[in-house]
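Me: I have a structure open and want to talk through the packing. Can we go over it step by step?

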Amino acid sequence: MLSIDFSAYYSVDIESNLVVKQSSGQLDANIKNYIIEHLVNIHQEEDIRKYSIKQNQSTQVLTCMNQILETDIDESKFEYAQQIVDRLLEKEVETQAKINHLNNELQKGGLIITHFTNESRKFFVIAKVHFIDVRMESNFEKEKATPEKEHMLKAIIIPIDNNSVTYETEENYALVTDSTKSKGSLAATFWWKEFLELNVIITDKDNTNKAFNRIDGYLRKKFFDQEYKMDYFFSRNSLISYMKSSPSFTFNTAVDSIMGDFSTLDYISELPTNEVKEAEKTKIIEEIKRLNKNKNDEIIFDGNFAIDKKAIKAKMKKVIKLDTSISLTLDDEIQNLRDKIVAGTDEKGNHIKIYSEQGYNEFK
């Protein structure tokens, strides 16, 4: 059962350095509908990073959250919520000043502050939502509108335990998502570090190692163990290429880079019908996107992190035993892998053919 225990909406105007609490019967109803549609299950988003709240950690935002949870006086709740929004405005103004020389602007938005109970699980959520200035066609007056796509800019989700977001006996965690980051980049630092004052839990090095190992293990089980061995080596090669070239990891960019359109996979091409092929493609994408969590829905690696290039370099090497005295070592990604290494059979038996000018000059 869902219960929205508190909600408030504020307009945040960087240009005017102004915060305004918006409230009306219709607006409050719309905000609650937005919470139900977009925020209640946001902790399940794939492109999310987990941060820590240290034991008894006391920061301005966390303190205000706890004060909202503790008081029964509505006026006091809104006063503490106002302090949260004021801090966001302060940090956004500071950040805008830093990026002015880049001709960049922070996206305009309003702030939703809420906590709710959903099937006995309680969460505190702060979400920045997008609004844009538009000219209304009916009267050409400037008004605010919320775009349908990427309407939520940033959000923080913290589980509530014993009516608190900061624990006395153990660390709590916060989940952060940011749709405004450019493709392949990370959540805005001002949001999680300067505004929320959170701490990273899993380092980029650990994230890189765990993500590579989990995806590589999945590809081996899916393809190599089912006798589609070239599919495995090809997909692994694409994984290495993505980890080398991309500054950060997100599931959407990772899947696009590793699997492409699936057209190079024998595993897919040998399926009987297009319907079966499309279903299997969807299944593979969904399975890869679940690799960062265990069966208890606990995060193993973050869905968004900076790729540690030193860590991935150590993962590139792959040694393939050819016989008792010969091994083939793959040191890096290989361009046109399927054309460069080809398995075959002739009158002498099974063999692999490697197209290599350098190798040819060594052995001719």
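Predicted model: local features only at pLDDT ≥ 70, side-chain atom pairs only at ≥ 80, totals over all residues.

Me: How many helices and strands does the protein have?

Reply: The secondary structure comes to 12 helices and 16 strands. Helices (H or I, at least four residues) and strands (E, at least two) are DSSP runs, numbered from the N terminus.

Me: And what share of the residues is buried?

Reply: Of the 364 residues in the protein, 44% are buried. Buried means under 20% relative accessible area, exposed over 50%, and partly exposed in between (1.4 Å probe, protein chains only).

Me: What about contacts with a separation of 6 or more?

Reply: Residues 24 or more positions apart account for 67% of those contacts. Contact means heavy atoms within 4.5 Å.

Me: Which residues have the most contacts inside the largest nonpolar core?

Reply: They are I84, I113, I126 and W191, in a core of 35 residues. The largest share of this core, six residues, comes from helix 2 (residues 60-70). A nonpolar core is a set of buried Ala, Val, Leu, Ile, Met, Phe, Trp, Tyr and Cys residues joined through side-chain atoms within 4.5 Å.

Me: What does I113 touch?

Reply: Not counting residues up to four places away in sequence, I113 touches F6, S7, A8, Y10, I68, A81, I84, V85, F124, V125 and I126. A second, separate core of 30 residues includes Y218, L219, A254 and I258.

Me: Where is S235, and which residues is it in contact with?

Reply: S235 is in helix 6 (residues 229-245). Leaving aside neighbours within four places in sequence, S235 is in contact with L219, F223, I258, M259 and L265. S235 counts as buried because its relative accessibility is 0%.

Me: Changing topic: how many aromatic pairs?

Reply: A search of the whole structure finds 15. Rings of Phe, Tyr and Trp (its six-membered ring) pair if their centres lie within 6.5 Å; planes under 30 degrees apart count as stacked, over 60 as edge-to-face and the rest as tilted. In F6 and F78 the ring centres are 5.4 Å apart and the planes are at 45°, so this pair is tilted.

Me: Where in the chain are those two?

Reply: F6 is in strand 1 (residues 2-13) and F78 in helix 3 (residues 74-99), 72 residues apart, so the pair links distant parts of the chain. F6 is buried at 6% relative accessibility, whereas F78 is partly exposed at 28%.

Me: And W191 with F195?

Reply: Their ring centres are 5.1 Å apart with planes at 40°, so that pair is tilted. W191 and F195 are separated by about one helical turn because they are four residues apart in helix 4 (residues 189-195). W191 is buried at 0% relative accessibility, and F195 is buried with a relative accessible area of 0%.

Me: Which residues form one aromatic cluster?

Reply: Y242, F249, F251, F301 and F305 do.

Me: Last one, where is I326, buried or partly exposed?

Reply: I326 is in the loop between strand 13 (318-321) and strand 14 (327-330). I326 counts as partly exposed, at 43% relative accessibility.

Terms used
Residues numbered from 1 in each chain as written. Heavy atoms only, no water.
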